[in-house]
Amino acid sequence: MQHRNIAFIGAGNMAGAIVAGLVEGGYPAGLISVCAPSASHRDALAERYGVHSSSDNAACAASADVVVLAVKPQLMAEVCGALRSQVDFSGKLVLSIAAGVTVERFCALLGEQLNIVRIMPNTPSLVGKGMSGLYAPAYVSQQDRDFTAALMESVGKICWVDDEHGINQVIAAAGSAPAYFFLFMEAMQQEMERQGFPADKARLLVQQAASGAAALVEASPEVSLGTLRERVTSKGGTTAEALNVMNEQKLPEIVARAMQAAIARAQDMEQQF
Ligand SMILES: NC(=O)C1=CN([C@@H]2O[C@H](COP(=O)(O)OP(=O)(O)OC[C@H]3O[C@@H](n4cnc5c(N)ncnc54)[C@H](O)[C@@H]3O)[C@@H](O)[C@H]2O)C=CC1
Ligand SMILES: O=C(O)[C@@H]1CCC=N1
């Protein structure tokens, strides 16, 4: 892929996961800067991955070709306001990974016809297993779209959405989703511990079952998820009993409601931030 100078504004969980995935995947660390006010996160990234670290957002952004906005949505207006007064964004590519901050809002904050792509990544990017949704307004060049796609493909898979609302739907299915699976796995581990297993063995059982199930899904693209489930579920057997409890408790409806709540929150944030 093409290599450009990239400045990450924000050095937290998500920026850290992308930086790690990029450098581990061979992106030149010397072309990456991470900026945050407190030294702890950014210096840890600098030490571990050899990227530059700075507390000066404007200086980093000014010398970069690509500026990745990776602060919390509620800080975006303040951070962008300070950047706008010191940095000329024309000719730069701006990438936002924030939930709930629209292209329209970024144009108001940083300048009209801002060359921007919204990315909705997730933390498995850290291990090259990320899933990112991408949205760009029509005027963004093919070259910048290709660069953004290649950047995020270097830490996982990507999916373009035609409509900006698609980013909120990607949040529900991928951005927030690792947390759903972690909750499920946590609950399973806790029950195994209640059953008397030590924490390490309980975790190993759950983690291997989860990664094995995910690997099976990936290895069987022609087989529906329902069929994979049925292949585990012997008639009159143990799995059927477990699934009956989940269905009686309306797990599918709970999942649907949770995803709808994530989308609704993203829409609220669009009004707030
Ligand atoms: N954590 C996740 O799984 C995902 C997060 N996101 C988005 O990524 C963005 C960041 O989220 P996290 O990494 O989870 O948050 P975080 O709290 O871990 O990181 C935020 C970073 O911003 C830095 N920061 C605070 N004030 C700053 C300022 N004035 N200038 C520069 N940096 C500043 C903090 O020091 C910290 O390094 C959010 O907008 C979120 O919506 C998107 C997808 C997934
Ligand atoms: O919870 C959040 O708002 C962010 C966006 C997706 C994952 N984390």
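User: Two strands pair if DSSP finds at least two bridges between them. In which sense do strand 5 and strand 6 pair, and over how many bridges?

Analyst: This is a predicted model in which local features need pLDDT of at least 70 and side-chain atom pairs count only at pLDDT 80 or more, while totals for chains, interfaces and linings use all residues; side-chain values use heavy atoms, without hydrogens and water. Residues are numbered from 1 along each chain as its sequence is written, and chains are lettered from A and ligands numbered from 1 in the order in which they are written. Helices (H or I, at least four residues) and strands (E, at least two) are DSSP runs numbered from the N terminus. Strand 5 covers residues 93-96 and strand 6 covers residues 116-120; V94 stands opposite I116, and the pairing is parallel, over three bridges.

User: Which strands are the edge strands of the sheet, and what is the average twist from one strand to the next?

Analyst: The open sheet has eight strands in the order 3-2-1-4-5-6-7-8, with mixed pairing. Strand 3 (52-54) and strand 8 (156-160) each pair on one side only, and these are the edge strands. Axes are lines fitted to C-alpha atoms, for helices over the stretch in contact, with angles from 0 to 180 degrees between N-to-C directions. From one strand to the next, the twist averages 25°.

User: Which residues of strand 1 are buried?

Analyst: Buried means under 20% relative accessible area, exposed over 50%, and partly exposed in between, with a 1.4 Å probe and protein chains only. In a regular strand the side chains alternate between the two faces of the sheet. Strand 1 (residues 6-9) pairs in the parallel sense with strand 2 (residues 32-35) over four bridges, and F8 has V34 as its bridge partner there. Both faces of strand 1 are covered, and the buried residues are I6 and F8 on one side, with A7 and I9 on the other.

User: At about what angle does helix 7 run to strand 6?

Analyst: Helix 7 spans residues 165-175. This helix lies across strand 6 and strand 7. Its angle to strand 6 is about 30°.

User: Is N57 buried or partly exposed, and what is its relative accessible area?

Analyst: UniProt, in an unreviewed entry, places a "binding site" at N57; such positions are given in the numbering used here, feature names are shortened, and annotations may be inferred rather than shown by experiment. N57 lies in helix 3 (residues 57-62). Contact means heavy atoms within 4.5 Å, and beyond four places away in sequence N57 touches I9, C35, A36, V79 and L83. N57 counts as partly exposed because its relative accessible area is 22%.

User: How far is an oxygen atom of ligand 1 from a polar backbone atom of V71?

Analyst: A residue is near a molecule or strand if one of its heavy atoms lies within 4 Å of it; of the 23 residues around ligand 1, A11, N13, M14, N57 and V71 come nearest. A polar contact is a pair of N or O atoms within 3.5 Å; within protein, one must be able to donate a hydrogen and the other to accept it, and residues adjacent in sequence count only if both atoms are side-chain atoms. Oxygen of ligand 1 lies 3.0 Å from a polar backbone atom of A11 and 2.9 Å from one of N13. For V71 the distance is 2.7 Å.

User: Which backbone atoms lie 3.0 Å from the side chain of N122?

Analyst: N122 sits in the loop between strand 6 and strand 7, and counts as buried because its relative accessibility is 6%. Setting aside neighbours within four places in sequence, its contacts include M14, K129, G130 and P178. At 3.0 Å its side chain meets the backbone nitrogen of M131 and the backbone oxygen of A174.

User: How much of residues 164-269 is helix, and how far apart are the end C-alpha atoms?

Analyst: For residues 164-269, UniProt lists "domain: Pyrroline-5-carboxylate reductase dimerisation" in an unreviewed entry. Strand makes up 0% of this stretch. Helix makes up 83%, and the end C-alpha atoms are apart by 14 Å.

User: With which residue does the side chain of S224 make a polar contact?

Analyst: S224 is in the loop between helix 9 (199-219) and helix 10 (225-232). It is partly exposed because its relative accessible area is 41%. At 2.9 Å, the side-chain partner of S224 is T227.
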